[in-house]
Amino acid sequence: MDDVTIEQLRDQIRYHAHRYYVLDEPEISDADYDALLHQLVAIEAEQPDLITPDSPTQRIGTTPSDLFAPVTHREPMFSLDNAESTGDLEAWEDRAARQLGHAPSGYVCELKIDGLAVSLTYENGVLVRAATRGDGTTGEDITANVRAIEAVPLRLFGDAPETLEARGEIYFPIHAFEALNAAQLDAGQRVFANPRNAAAGSVRQKDPAVTASRDLSIWVYQLGFVQGGPDLERHWEMMEYLAALGFRTNPASEAVDDLAAVERYVAETEEARHRLDYQTDGVVIKVDSLDEQAQLGFTAKAPRWAIAYKFPPEEQITMLRGIEVGVGRTGRVTPYAVLEPVFVGGVTVTNATLHNEDEVHRKDVRIGDQVIVRRAGEVIPEVVGPVVSLRTGAEKIWNMPDDCPFCGNPIVLPEGEKVARCTGGLECPSRLREWLSHFVGRSGMDIEGMGYKTIDLLISEGLINDPADIFFLEPEALLGREGWGELSVGKLMAGIDEARHRRPARLLIGLGIRHVGGSVARVLARTFRSIDALMAASEEEVAAVEGVGPTIARSVRDWATAPETAPLIEKLRAGGVQLSDSEPEAATGDRLSGVTLVVTGTLAGFSRDEAKAAVEERGGKVTGSVSKKTTAVVAGDSPGGSKLTKAVELGVPIIDEGRFVLLLDQGPPALGDGT
């Protein structure tokens, strides 16, 4: 490779480093940036005569912005070399062992926080200066803003040394980040792409009051310089010392004996990271002995005694090929992105949600854009926003189509709503498909063996055109088709027959009336005792039911008087479906009356819909957010960290799946103290 090509590569790295560290507007993913840097490192390793003093491999960071006064760090703030596999960790240990003459005597593992690196300088225990890392030698003076962050001590505890500089990472807790973006959205202002950008943007404010208004926090992870402090022998002792002085140190850190324990820590934290209320993109591993650290020393840009193991990226940049729409059971029309396939969050993503037309225009996402795609944990992939600086001018602005692509009927945006809807009713095959799937689902009529594949077959063959047709299916219509023998057909017929005897509340849920979920359906069924009585009730009579109100009442009345409703109910009656309760439900139906739960994470024995249905069948409610009214939070595997944090803050009990099952069987007494 010639000098010109190397210089072009260096220019690329400098450009992207500036956009990331200074402008907080990256154009490529972290993984792509690392790949460019690794390419340059490899070239220079093969041809060391091509190394120049200003090469990105010889520098620590990037140039600080001129918004704040420059600060020269007393000791350089180095970056870290990266590892992406256990093999990389083993190679790092081997290099250290060769230099020391033996393997390091122990390690400290710390979560790598995705925030803004800062140094905090104290004189006689009082905070006198805070600065960003900048290029590692010179940063930006952000003292006034950092003083506004409650988690940063203004005065240290105890017998503080004459001078002390601590290093840490200012970050945005996920629950606070979500609240900030919600407020920004309500105010019609720009939302932040991720907590790291939000933290950096919040600290780099001209007005410290803005910083103070945002719930930033910090983890301190290193002692950069100390004069007049105690003699310390290990990094772990250093962290205990910093904690004793009043610094916030991360309880997830762990001292371990060997590399096998490091690898276990990495695997466990990667699996558990989505339970945290902050973003972490890896693990920092440090040699614990300070004497061994001194022997290992530094390269031009990084310490030899530390390395950062990086988790697979959860954000990537790819091309938005097109925007298409889906139509749900209520006629809701939802746009989604068709993407150039990209590997993100552990899977290859080809589609991502865009929520609604307003969101597409608010984010200014255009067909042909390079877009940031995020997938964290099991969350549905979403388009965060476009990389505007990469636009060529050929990108096309998208607008909601006038007509439904599935049925050709008009798409309308009802006054006062943000959600567009198809007006085709059951003529729309997409709407019919989603409605039937909801109708036969666990929270509705719970017909075993009738998934999307079966529904698609029945629709395509003209065997069902509405939910009532299910109860007129004959075995002969399916027998002999591929995959349909006597056993599978018999099971489906048995499932349909069982569904005929479901209580009216389940039928109401399955019918998919707008605003009528499980708890409302149960209240209505208990009050009116039959579908016929509910249809005959006035809007005022429905609104008078406790827990219903005018919006639901209006929706129920609109459903009852719609021209297609009465024929459908008569057809269900003819199909043998139970439309009334001869007597009130047994007391177990009210076992969870007054109980409000939040379910987070993955449950082994329930899907999210099944858990919700089980609670609502017993008279309880399931909501999406934790509040003072929440009875308990049910935490499965990989629960949302923000929900658990909120529960702890409010004193709401957190229960596991075993306690949840007891709660379903026994009611509130099963909660005990909930812990």
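## A hairpin to start

Strands β4 and β5 form a hairpin with two residues between them. Asn124, in the turn, has a positive phi of about 50 degrees. Helices (H or I, at least four residues) and strands (E, at least two) are DSSP runs, numbered from the N terminus. This is a predicted model, where local features need pLDDT of at least 70, side-chain atom pairs count only at pLDDT 80 or more, and totals for chains, interfaces and linings use all residues. Residues are numbered from 1 along each chain as its sequence is written, and side-chain values use heavy atoms, with hydrogens and water left out.

Asn124 lies in the loop between β4 (116-123) and β5 (126-132). Its positive phi occurs in a residue other than glycine. Is Asn124 buried or exposed? Asn124 is exposed, with a relative accessible area of 57%. The cut-offs are simple: buried means under 20% relative accessible area, exposed means over 50%, and partly exposed lies in between (1.4 Å probe, protein chains only).

## The whole chain

The protein chain has 23 helices and 24 strands. Its C-alpha atoms fill a box of roughly 85 × 60 × 50 Å, taken along the principal axes. The chain counts 675 residues, and buried residues make up 48% of them.

## Strand β4 and its partners

Strand β4 has two partners described here. Six bridges join β4 to β5, and the two run antiparallel. Here Val118 stands opposite Thr132 in β5. Eight bridges join β4 to strand β7 (residues 163-171), again antiparallel. Across this pairing, Ala117 has Glu169 of β7 as its bridge partner. Two strands pair if DSSP finds at least two bridges between them.

Seven of the eight residues of β4 are buried, so this strand is largely enclosed by the rest of the structure. In a regular strand the side chains alternate between the two faces of the sheet.

## An open sheet

Five strands form an open sheet with mixed pairing. Their order is β2-β11-β10-β3-β9. Which strands stand at the edges? They are β2 (82-83) and β9 (254-256). Each has a single partner strand, so one side of each is left without a neighbour in the sheet.

Strand β2 is joined by two bridges to β11 (residues 306-310), and these strands run parallel. Ala83 stands opposite Tyr309 in β11.

## An enclosed helix

Helix α6 covers residues 195-203. Nine of its nine residues are buried, so α6 is largely enclosed by the rest of the structure. Among them are Pro195, Arg196, Asn197 and Val203.

## Rings and charges

The structure holds 10 aromatic pairs. One of them, Phe298 with Trp305, is edge-to-face, at 6.0 Å centre to centre and 80 degrees between the planes. The rule covers rings of Phe, Tyr and Trp (its six-membered ring): they pair if their centres lie within 6.5 Å, and planes under 30 degrees apart count as stacked, over 60 as edge-to-face and the rest as tilted. Trp305 is buried, with a relative accessible area of 9%. Phe298 is partly exposed, at 39%. Ring pairs also link Phe78 with Phe298 and Trp305 into a cluster.

Two arginines sit over rings. The charged end of Arg74 is over the ring of Phe225, 4.4 Å from its centre. The charged end of Arg248 is over the ring of Trp219, 3.9 Å from its centre. A charge sits over a ring if NZ of Lys or CZ of Arg is within 6 Å of the ring centre and within 35 degrees of the ring normal.

## A cavity

How many cavities of 30 Å³ or more are there? The count comes to one. On a 1 Å grid over the protein atoms alone, a cavity is a set of points where a 1.4 Å probe fits but cannot get out, and lining residues have an atom within 4 Å of a point. Grid points are joined across faces, edges and corners, and a volume is the space filled by probe spheres set on the points. The largest cavity holds about 50 Å³ of space. Elements giving two or more residues to its lining are α15 (504-511), α16 (518-528) and α17 (531-536). The largest share, three residues, comes from α16.

Arg529 is one of the lining residues. Arg529 lies in the loop between α16 and α17, has a positive phi near 70 degrees, and counts as partly exposed at 31% relative accessibility.

How values were computed: 1 Å grid on protein atoms, 1.4 Å probe; cavity = no way out; pocket = protein on both sides within 12 Å on 5 of 7 lines; lining within 4 Å.
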